[in-house]
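This briefing covers side-chain interactions and the ligand site, grouped by topic.

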Amino acid sequence: MVLNRNLTVVRLFIAIDIPDELKRTLGSLRVEIPGLRWVPTSQIHLTLAFLGDVENAGVDQLAGELSRIHSPAFKLRFAGTGCFPDRRRPRVVWIGLEPEPRLRVLADKVRAAILACGIPLETRPFSPHITLARFKAAPSCDCDDFLDPRFLLRLPPFSVREFTLFQSRLDSHGAVHTPIKHFQLQ
Ligand code: 2AM
């Protein structure tokens with residue numbers, strides 16, 4: 001496990017890392033728009049759960065619970081793009097995924113593992129998406145101005161064979177994500 005043990009709390013999240021080739025393709029589709037900050041290509045991921053600050057002492061127990069998850073591998077297909085909170089006030093620009101019951105079951109098991117460790121979770125329901133970019137302040141343009149649905153045609157489906165516990169360290173340039181441990185799907 002790669003973990004900075006000097007810290008008393010670590011900021012954690014659990015995510016599916018997407019294949020490097022797909023990250024490169026997503027990176028190549030970018031258009032520079034003032035105020036829009038693209039997620040660094042290497043950090044593009046699908047969040048299963050965001051934990052926030054967790055006591056360092058609890059990380060081994062969490063990793064133990066996560067390693068007991070049994071879930072089959074599956075494929076994900078891209079489906080549409082959108083914005084949070086909505087297309088007219090874009091703050092987060094995302095790419096969606098076709099519904100995949102095995103993804104939802106995996107996310108439920110991850111949440112159960114987190115709760116079993118006594119770590120509180122946000123009550124927001126799981127909404128599968130991959131964040132591509134964020135606006136610092138909501139711009140006056142509409143999401144449709146920069147999200148071209150045709151680019152989805154260039155994105156192949158991808159296989160999910162593992163999920164990862166990540167540490168997220170915030171520095172002056174943004175978040176730095178470091179994988180702590182990978183968990184294989186069957
Ligand atoms: P998202 O972009 O897929 O929504 C790591 O910080 C990841 O955790 C973020 O990329 C974000 O995933 C997710 N996340 C969910 N809630 C968060 C929060 N309150 N603060 C930071 N990240 C959060």
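Helices (H or I, at least four residues) and strands (E, at least two) are DSSP runs, numbered from the N terminus. The model is predicted, so local features need pLDDT of at least 70 and side-chain atom pairs count only at pLDDT 80 or more, while totals for chains, interfaces and linings use all residues. Residues are numbered from 1 along each chain as its sequence is written, and side-chain values use heavy atoms, with hydrogens and water left out.

**Threonine 131**

- Strand S7 (residues 129-135) contains threonine 131.
- Threonine 131 has a relative accessible area of 11% and is buried; buried means under 20% relative accessible area, exposed over 50%, and partly exposed in between (1.4 Å probe, protein chains only).
- The side chains of threonine 131 and histidine 129 are joined by a polar contact of 3.4 Å. A polar contact is a pair of N or O atoms within 3.5 Å; within protein, one must be able to donate a hydrogen and the other to accept it, and residues adjacent in sequence count only if both atoms are side-chain atoms.
- Apart from neighbours within four places in sequence, threonine 131 is in contact (heavy atoms within 4.5 Å) with Val39, His45, Val92, Val93 and Trp94.

**Ligand site**

- Residues surrounding the ligand are Arg11, Phe13, His45, Thr47, Phe50, Glu122, Arg124, His129, Thr131 and Arg134; a residue is near a molecule if one of its heavy atoms lies within 4 Å of it.
- An oxygen atom of the ligand lies 2.6 Å from a polar side-chain atom of threonine 131.
- A polar side-chain atom of arginine 134 is 2.8 Å from an oxygen atom of the ligand.
- For arginine 124, an N or O atom in the side chain is 3.3 Å from a nitrogen atom of the ligand.
- On its own the ligand has 460 Å² of accessible area, of which the protein covers 73%; accessible areas come from the Shrake-Rupley method with a 1.4 Å probe, and for residues only the protein chains shown count as cover.

**Aromatic pairs**

- Rings of Phe, Tyr and Trp (its six-membered ring) pair if their centres lie within 6.5 Å; planes under 30 degrees apart count as stacked, over 60 as edge-to-face and the rest as tilted.
- By this rule there are 4 aromatic pairs.
- Phenylalanine 13 and phenylalanine 166 are stacked, because their ring centres are 5.0 Å apart and their planes are at 10°.
- This pair links distant parts of the chain, with phenylalanine 13 in strand S1 (residues 9-17) and phenylalanine 166 in strand S9 (residues 162-171), 153 residues apart.
- Both phenylalanine 13 and phenylalanine 166 are buried.
- Phenylalanine 163 and phenylalanine 183 are also stacked, at 5.1 Å centre to centre and 20° between the planes.
- Phenylalanine 163 is in strand S9 and phenylalanine 183 in strand S10 (residues 174-184), so the pair ties together parts 20 residues apart in sequence.
- Phenylalanine 163 is buried at 0% relative accessibility, and phenylalanine 183 is buried at 3%.

**Salt bridges**

- The whole structure has 6 salt bridges, each being a side-chain nitrogen of Lys or Arg within 4 Å of a carboxyl oxygen of Asp or Glu.
- Glutamate 122 and arginine 124 form a salt bridge, with the closest N and O atoms 2.9 Å apart.
- Glutamate 122 is partly exposed at 35% relative accessibility, whereas arginine 124 is exposed at 57%.
- In the salt bridge of aspartate 17 with lysine 23 the closest N and O atoms are 2.8 Å apart; in that of aspartate 20 with lysine 23 they are 3.9 Å apart.
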